[in-house]
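Open the model in your viewer and keep the sequence panel beside it. This tour goes from the whole chain down to single side chains.

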Amino acid sequence: MTVVPPGPSFSVQDIPFSYRGSWLNISPVVAAHTYADDLHLVSHQTGLHAVLRLRPSATATVRATATLLTWSTVDGRIEAVFDGPGAVRLRGRRLGLALSAANPTLTPFSGTYLYRDPVDGAHVFTSYETGRRYRVTVLGGSAAADGDQALGTAERGVTLPADRDWEVVVEEHATARASYTDPTPFDELRHANAAEFAAFVDSVAPWRSARTPAAELAAYVLWSASVGPAGFLARPAVLMSKHWMNKVWSWDHCFNAIALAAGQPELAWHQFQLPFDHQDESGALPDSVTHSEVLHNYVKPPIHGWALRELRRRLPALDRAEVAETYRRLARWTEFWLERRRAPGSALAHYQHGNDSGWDNATTFDDDRVVETADLAAFLVIQLRCLADLAAELGEPGHRWTAAADAVRAAMLEQLWDGDRFAARSVRTGRRRASTSLLDLMPIVLGTELPGEVTGALARGIGSHLTTHGLATEPVGSAHYAADGYWRGPIWAPSTVLIEDGLRRAGHTGLADDVSHRFRALCEKSGFAENFDAETGVGLRDRAYTWTASGYLILAAAHERRAAHPSPDVD
């Protein structure tokens, strides 16, 4: 058997152990910002739910690679490997394991019930929280069960012995499935998974080298955070994380799509289209989608024209039907902003809350949250230009899109530019207010669509946000700066990718190179957290965030292309 590298190693405190397409993972994270002492089998069906606690019979050291999880002591070892998306195989040698219900209390509406299936002798846990069953089948050795058919509060679990070798499989399923028989040998399964992951890495990061040491781990974060179609997600989806941020938000998905596009075009296209599957009657995209929930209480910024442009540079050619359907969906999303989010007589669309912008608590929204902002105008200009291009491709008139783009750009410059930076304007009072947020500098994404003196001023402002580790969302010297202040200080991947792209297209390539280099170095040092302390570079919040991994892959791929083909036309 050819030896396949096991993939990158990582801490399961930071990144869950999982498998492409699975709704399961193994992790100590059992709720938002909550870490247990033991690893748990966690399901993301209907939310994040720790189902089974996994407790070795002796204190053990945990090590994870992309395809194998181990608990080890001086004398013994337990190994875990995924057997397809819906099952986990575990085997032990001189080390026992207790698999017990994470919640010891069973009520008529919550908890986990355990019984012995008389059909095949398997031990079955049923979970109210996930609505699924977890069948434990002994493949080798023996097991003892506690709490069989117990009600109320009880210890419910299956114990594997420390004094003899054993192997089991845990399967997540609905009402019933055929008995587990004729298993693939454990080592053969591990080898197949390693080969599958290696092929994925080769597809999404063929350019990787010693200069991009975090590329394989970034690929693993994406690979392992994917789930198969289920519930409201009718397509294969890359969740933002298999920790507590286990949804698809309607701008995060764009970065994942771009990172995957060159090597995994079908998966990338599914990522781009996912929120569009849930457009409402007004054309608005949902705030987020997950297995059992579609939220429309907020929206997210219309970066989709920008993202589609980036995708089409990387994807194979779309057929006419795909172009036509995408044009229709993007047009409805744009019309939502122009028809439902413009006050009477206003040329500019508005946000109703910071959450609509994706920059939830940025200082831009401190005095008023219902505001016209330049970042929104800039994204709409790009999206309108994209629609004009799609219309031309389809042989349809596109003048209305071009005229609308010109009008929005002109209004943005006339009404929101103060000569140094852009200001936000209250829809209610008409009062303008410039903040110290990096968000006010986001219109650099328009590149050469803006006058040179404007992009020059924006670039200078962006430089003032640059720390050793990257672009702080609020300047470190600001009175509003907070090290863990969400959008009031920390460094984020999406703002970095968007601004780096705008700087480059505006001709500020030196600053763009600097932004790219610092963010890549940050990820190589601190991993793929939701965001990072701008002064120390420490990862914050959810530590396995896919758009951060995608941001690294996008910037690293572009840097490697430039290094290989030093030409101003490469990007």
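## Whole chain first

Select everything. The model is predicted. The chain has 571 residues, and a compact globule of that length would have a radius of gyration near 25 Å; the chain has 25 Å, so the two agree. The spans are about 75 × 50 × 50 Å.

Switch to cartoon. You will find 13 helices and 29 strands.

Next, show contacts between residues at least 6 apart in sequence. Of these, 64% join residues at least 24 apart.

## Surface and charge

The chain exposes about 21200 Å². Carbon and sulfur atoms supply 51% of that area. How many of the residues count as buried? The share is 59% of the 571.

Color by charge. There are 55 positive and 67 negative charges in the chain. Their mean positions lie 1 Å apart.

## The cysteines

Select Cys 254 and show its side chain. Is this residue buried or exposed? Cys 254 is buried, because its relative accessible area is 0%, under the 20% cut-off.

Draw a distance between the two sulfurs. A disulfide needs sulfurs within 2.5 Å. Cys 386 is in no disulfide. Cys 386 is buried as well, with a relative accessible area of 10%.

Zoom back out to the chain. The disulfide count comes to zero.

Note on methods:
Residues numbered from 1 in each chain as written. Predicted model: local features only at pLDDT ≥ 70, side-chain atom pairs only at ≥ 80, totals over all residues. Heavy atoms only, no water. Helix = DSSP H or I, 4+ residues; strand = E, 2+ residues; numbered from the N terminus. Rg over C-alpha atoms; globule rule 2.2 N^0.38 Å. Buried < 20%, exposed > 50% of the residue type's maximum accessible area, 1.4 Å probe, protein only. Contact = heavy atoms within 4.5 Å. Areas by Shrake-Rupley, 256 points an atom, 1.4 Å probe, with all protein chains shown as cover. Lys, Arg positive; Asp, Glu negative; His and termini not counted. Charge placed at Lys NZ, Arg CZ, Asp CG, Glu CD.
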